[in-house]
Amino acid sequence: MLTITLDFRHLQDRDALYRALAQQSHCPFTFGNNLDALWDWITGGMALPARIHLRHAAGLENSETFGAVLALLEEAAQALEGDLRLKRD
C-alpha cells in the first residue's frame with residue numbers, strides 16, 4: 001500500500017503540498033498544481049490502495065490555504081470507497 005505523509009507544520013503553502021504529494025506518490029509528470037490536477041491524479045493515476053497521513057492538519061479545514069485541498073481529499077476518499085484512506089493526527 002502506498003503511504004503518503006503530509007506534515008502541515010512543514011508545508012508553507014498549497015504548492016508545497018502539491019510537490020510533496022506528487023513526489024511521494026511517484027507522479028511521473030509535472031503536476032498541474034491545482035485542484036483539478038490533484039483530483040485527476042488521486043482518482044485516476046495514483047497507485048491504489050493508498051493511505052494519506054495528514055499530520056498537524058487539525059483546524060485547517062477552513063483555512064484559505066489548505067481548506068479546499070483537505071475537502072478534496074475527503075471527497076476522493078469517499079469516492080474511492082476504501083482504496084484511499086486518510087489518517088489524521
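This is a predicted model: local features need pLDDT of at least 70, side-chain atom pairs count only at pLDDT 80 or more; totals for chains, interfaces and linings use all residues.
## Ground rules

Local features need pLDDT of at least 70, side-chain atom pairs count only at pLDDT 80 or more, and totals for chains, interfaces and linings use all residues. Residues are numbered from 1 along each chain as its sequence is written, and side-chain values use heavy atoms, without hydrogens and water.

Helices (H or I, at least four residues) and strands (E, at least two) are DSSP runs, numbered from the N terminus.

Strand 1 (residues 2-7) and strand 2 (residues 50-55) run parallel, joined by six bridges. Pairing requires at least two DSSP bridges between two strands. Leu 2 stands opposite Ala 50 in strand 2.

Strand 2 also pairs with strand 3 (residues 84-88), in the parallel sense, over five bridges. Here His 53 stands opposite Lys 87 of strand 3. From strand 2 the chain passes through helix 3 to strand 3, a right-handed β-α-β crossover. Right-handed means that, with the strands pointing away from the viewer, the path from the first strand over the helix to the second runs clockwise.

## Two helices

The axes of helix 2 (residues 35-44) and helix 3 (residues 67-79) come within 11 Å and cross at roughly 25°. Axes are lines fitted to C-alpha atoms, for helices over the stretch in contact, and angles run from 0 to 180 degrees between N-to-C directions. The two helices are therefore roughly parallel to each other (angles under 35 degrees).

The contact divides into 10 nonpolar residues, one polar and one charged (Ala, Val, Leu, Ile, Met, Phe, Trp, Tyr, Cys and Pro count as nonpolar; Asp, Glu, Lys and Arg as charged; the others, Gly among them, as polar).

Terms used. Angles under 35 degrees count as roughly parallel, over 145 as roughly antiparallel, 65 to 115 as roughly perpendicular and the rest as oblique.
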